[in-house]
Structure formats: structure tokens, C-alpha cells
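My notes follow the model below.

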Amino acid sequence: MNGRQRLQAVFNGEIPDKVPHMELVFQLEEEAFQMTWPSREELDCATPRERERILGRFFEIWEKIIDRYDWAGIQLPLDLGGYFAGRVIPEGVKRFGDRVMIYDFNGQGTFWMLPGSEMMEFAIKLYERPDELHAEARQKRDASIELAKKQVDQGVDFICINSDYGYNQGPFVSPKKFAEIVTPYLTEIVGAIHDLGVKAILHSDGDLRLILDQLVSTGLDGYQSVDPQGHMDIAEVKRQYGDRLVLMGNVQASYLQDVDDTRIRQSVRYAMTHGKPGGRFIFSSSNCIFKGMPLENYHIMLEEYEKMAWY
């Protein structure tokens, strides 16, 4: 099986020949390939011909990631920095769609963790002007559904709702308030995505234990992060929800910041031991392959995964 076939099997509740692997973001392209992802500044300064070469470089980096690291899915945006609208996903599907599943992010459809500068106003609305907050929530929901329609129309296989709902010590609002201002709207978004014929997975860092029942009730197909720094134990999450959710992640991101061979391997083994049985598991870090991480650590992580990856 290739990556696409493995990921399809996982989403279908089947057991593939091997646990599929992917990450939501890869920021070590310079260290791994001596290349850089296109930047908005670079595109703004480029001529039309140069922009075409930049788009080619974007796809070349993805080609290298798929070939070298055997990713099962990749994220392609609707455009690159305001350029190539309507081209990136369709061209990516033509290039890679037979080997990997294609997805895009759609994370602004509900309220989630706010920057400190907005927290006071949000709290006032939450308790004193809830009607205003619900009006905003409906606008966010509608915009998310419209975005999903564009993403599916261009060819994505699934959508990642990248909304961080949890701090390391709990959700960003109480479970009661979450049930009022997030869960109903997220349920409608997930339902609309399903009506479009694709799957919806959630990325959220943090401690979701008090709201995970609500998140599962929305009909989400998967949950990425399963953040051990947020007290999310993949063994317990798998026990409770493994028959309903595809789980992805759980290799502790903080261990990947410093070269600590033992801790990285232990975290990989724990994730694989408890995530792999019965299928419905995608191997990844609990966050992403972020800038500043030693590339060696990602390779250590994959080396240990390969020892346990095959069913």
C-alpha cells in the first residue's frame, strides 16, 4: 500500500499494512533539502515568470518530503500568499493525488484560544452580551462552511479544523460555556463538511479531557495532537473513543526540541503501543516538525516508528 491507500484505510476503519505517517507542518526544509518554502515577500517581489519557478519549488519540496519521509497526506492551500488562486490544490492533486491524500486547514469557524489583547472583551461578551457572541459565532460558522466548499471544489480529500481549544491545564472556556458557544457551531461545520463528501479532523493542542465528549459528539472523524503536555493520554483516549475517532500524534513535542534519544524513543513507543492496535491511528508528533527542532530528532523519531509500524 502507498500512503494514500493507508490513510484511506484508516479513515474507513480498516487496518492498513502499515501505520501511516504525516505531519501537519514541516519547517525543516532548509536542513533537510537545502531549500526554502516560498514567502509572501518573495512572491511580491517576483516577476510572473519567477513566480512560476517559485510555485515549482513549492511542489518540489513536497515531492522530496513524500519521497524521503513517506508521508500519507499533505496540506495544500487555496493559494500561495495571494497568488495562484485556484491552481495550488488542483495542480497538487495531479502531481501527488495518487500517492497521498490532500487536505487544507479551515480553523477560523469557531471561537478558540484568543490572544491576551482580545481576552477581556471576549470575557465581557461571554457573560454580559452573549447575543453578540452568538452573532459572531454564526458569521464564523458561515465563513467556514463557504471556505470548505471552495476547498472541496478544488479537490481536497479531507479538511483539518486547526483550532486550539485547550491550554495545558484545561479548555479555554468552561465545559458549560464551550457547550454554548462552540459545540453547536462546530457540529454544523462538521455536518456541512460531511455533506460535501469529505472527512473532518480536528487539530488542537492542550488539555481537552473536560470537553472531549462534546468534540466527539460533533461527528469529527479524527483528532490530532493528543497532547501529552496537555495531560492527554493516548491509551485512555483510545480506550474511550478509538472506535469513533482516528487518532493522530502523541509523540511529545518538547522532547523533539533537544537531542534526547531515550525520551524521544520512549514517547514513540508509547504512542505506537497504544495508538496502533485495531487501526484508526496516524503516527505523528503532538504538534508539528517546527523550526528550530534538530533534524536529527525527527530522524530518531522515524527510526523508532519504523520498528513498530507494520501490522
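I began with the rule: a salt bridge is a side-chain nitrogen of Lys or Arg within 4 Å of a carboxyl oxygen of Asp or Glu. This is a predicted model, where local features need pLDDT of at least 70, side-chain atom pairs count only at pLDDT 80 or more, and totals for chains, interfaces and linings use all residues. Residues are numbered from 1 along each chain as its sequence is written, and side-chain values use heavy atoms, with hydrogens and water left out.

**Entry: the count.** How many salt bridges does the rule give? I get 29 salt bridges.

**Entry: Lys307 and Glu304.** I looked up this pair next. Their side chains form a salt bridge, 3.1 Å from N to O. I find both residues in helix H13 (residues 295-308), three residues apart, about one turn of the helix. Helices here are DSSP runs of H or I with at least four residues, numbered from the N terminus. For burial I use relative accessible area: under 20% is buried, over 50% is exposed, and in between is partly exposed (1.4 Å probe, protein chains only). Lys307 is exposed, at 58%. Glu304 is buried, at 4%. Salt bridges with shared partners join Asp261, Arg265, Arg269, Glu303, Glu304 and Lys307 into one network.

**Entry: Arg141.** Is Arg141 buried or exposed? Arg141 is buried, with 14% relative accessibility. I noted a salt bridge between Arg141 and Asp142, 2.9 Å from N to O. Asp142 is partly exposed, with a relative accessible area of 38%.

I then checked Arg141 against Glu188. They form a salt bridge too, and their closest N and O atoms are 3.3 Å apart. Arg141 sits in helix H7 (residues 130-154) and Glu188 in helix H9 (residues 183-195), so this pair ties together parts 47 residues apart in sequence. Glu188 is partly exposed, with a relative accessible area of 38%.

**Entry: cysteines.** How many disulfides does the structure hold? I find zero. The test is a pair of cysteine sulfur atoms within 2.5 Å. Cys160 is in no disulfide, and its nearest cysteine sulfur, that of Cys288, is 11 Å away. Cys160 is buried, at 0% relative accessibility. Cys45 is exposed, at 65% relative accessibility.

Methods: Helices (H or I, at least four residues) and strands (E, at least two) are DSSP runs, numbered from the N terminus.
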